[in-house]
Amino acid sequence: MNLTELNQSSRCEHFSCPERSGSPAVYILLYVCSAAVVLLTLCGNLLVIISVCYFRQLHTPTNMLVLSLATSDFLVGLFVMPFHFTWLIESCWMFGQIFCILFNFMSFQLTSVSVGNVVLIALDRYVALSNPFLYLKDVTSAIVHTLICLSWVFSFLYNFVFFYVNRNFTDLSLCPGECLVNAFDEVGSLIDLMFVVVVPCALMLVLYFQVFVIAKRHANAIRELHQNMRNISKNVSDATKSERKAAKVLGILVFVFLACLVPYYVFALMSTAPSHFMINNILIVFYLNSSINPVIYALFYSWFQKCTKMILTCKILHMDCSFVNVL
């Protein structure tokens, strides 16, 4: 046995999962709340996925990006949330070392994919408002599909390099009950921070600042048109109003995403020796973003409300609703 294995063995001898100190009722309540959040995440995002895939009227470039984001949120609810909540409630990782590696990889992968999707949504709204004719002509579904695929593939390759090439991770041996994966050294952590947080967040903020400036300019122009040409400007006004509403809703989505993402990285940077228990608690805020997104769609998108009603009443099983007007 070499020195590393000896130190690891010595450390594991003193490690044990803490015994439960609370009452059974508290643990039952925590598990019920966790199950409710997981079900909300899975069902809400599944409704978004079915709606956009099934109703042909929703096959627009913007909704393809919404579909990609809903897919990543659904996978968070399926592969990340249940195990993270169980780990946090029990204060002990009970799913083994191999699944610990897969769990952390999925967590990083889906986080970076979500960031990429939200950046693409911000870019989509900026192009749609700043140059609507170019958007209608050149921004096709094929281009958006390509960008979405590139986002998923790049995220996979990026995380694969860090997780499986970095020696700090491949040489790591975990004690039973631990899942404390440190895949990055100092340089790797800085690169990850730049690519996953600083650059994407800066792009989102700049793009949406420009979006709201353009939207305000359009609103002022529409008021002037209404004063001079009320009847002629009606169609233009309706189209522009629709674009501005889409920008507003997706702007809310972007800023909610940032509000959920930034606290984790701020805490990790400001704490000299961050507690893994505290980090896991703060991570809940970010994972909850996957639950909040469908609620945003339900509150602001009439098409989502109509589609949800048809899906829940099983109308899509008895008639061809794919051509139904849901906008």
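What is the relative accessible area of Ser91, and is this residue buried, partly exposed or exposed?

A: Ser91 has a relative accessible area of 37% and is partly exposed; the term covers values between buried (under 20% relative accessible area) and exposed (over 50%), computed with a 1.4 Å probe on protein chains only. The structure is a predicted model, in which local features need pLDDT of at least 70 and side-chain atom pairs count only at pLDDT 80 or more, while totals for chains, interfaces and linings use all residues. Residues are numbered from 1 along each chain as its sequence is written, and side-chain values use heavy atoms, with hydrogens and water left out.

Ser91 sits in the loop that joins helix H3 (61-90) to helix H4 (97-130). Helices here are DSSP runs of H or I with at least four residues, strands are runs of E with at least two, and both are numbered from the N terminus. The phi of Ser91 is near 55°, a positive value in a residue that is not glycine. Most residues other than glycine have a negative phi. Cys314 also carries a positive phi, of about 65°, without being a glycine. Cys314 belongs to the loop between helix H11 (302-312) and helix H12 (315-318), and it is partly exposed at a relative accessible area of 32%.

Aromatic residues come next. Phe83, Trp87, Trp93, Phe95, Phe99 and Phe103 make up one aromatic cluster. The structure contains 20 aromatic pairs, where rings of Phe, Tyr and Trp (its six-membered ring) pair if their centres lie within 6.5 Å; planes under 30 degrees apart count as stacked, over 60 as edge-to-face and the rest as tilted. The ring centres of Trp87 and Trp93 are 5.6 Å apart and the planes stand at 80°, so this pair is edge-to-face. Trp87 and Trp93 are both buried. Phe105 and Phe156 are likewise edge-to-face, because their ring centres are 5.7 Å apart and their planes are at 85°. This second pair links distant parts of the chain, with Phe105 in helix H4 and Phe156 in helix H6 (residues 141-165), 51 residues apart. Phe105 is buried, at 8% relative accessible area, whereas Phe156 is partly exposed, at 41%.

Leaving aside neighbours within four places in sequence, Asn280 is in contact with His84, Trp87 and Leu88; contact means heavy atoms within 4.5 Å. Asn280 is buried, with a relative accessible area of 10%. The C-alpha atoms of Asn280 and Tyr264, 16 residues apart along the chain, are separated by 9.1 Å. Ser291, also in helix H10, counts as buried at 5% relative accessibility. Not counting residues up to four places away in sequence, Ser291 touches Val37, Leu40, Thr41 and Met81. Ser291 and Leu39 are 252 residues apart in sequence, yet 9.0 Å apart in space from C-alpha to C-alpha.

In helix H4, Thr111 is buried, with a relative accessible area of 12%. Apart from neighbours within four places in sequence, Thr111 is in contact with Val196, Leu261 and Phe286.

Helix H2 (residues 24-54) has 31 residues and reaches 44 Å from its first C-alpha to its last, close to the expected 45 Å; the expected span is 1.5 Å times one less than the number of residues. Among the buried residues of H2 are Val38, Thr41, Gly44, Leu47 and Val48. The axes of H2 and H11 come within 10 Å and cross at roughly 95°; these axes are lines fitted to C-alpha atoms over the stretch in contact, with angles running from 0 to 180 degrees between N-to-C directions. H2 is therefore roughly perpendicular to H11, a term for angles of 65 to 115 degrees, against under 35 for roughly parallel, over 145 for roughly antiparallel and oblique for the rest. Residues making this contact include Gly44, Leu47 and Val48 of H2 and Trp303, Phe304 and Cys307 of H11.

In the protein as a whole, the secondary structure comes to 12 helices and zero strands. Buried residues make up 43% of its 327 residues. Of the contacts between residues at least 6 apart in sequence, 77% join residues at least 24 apart.
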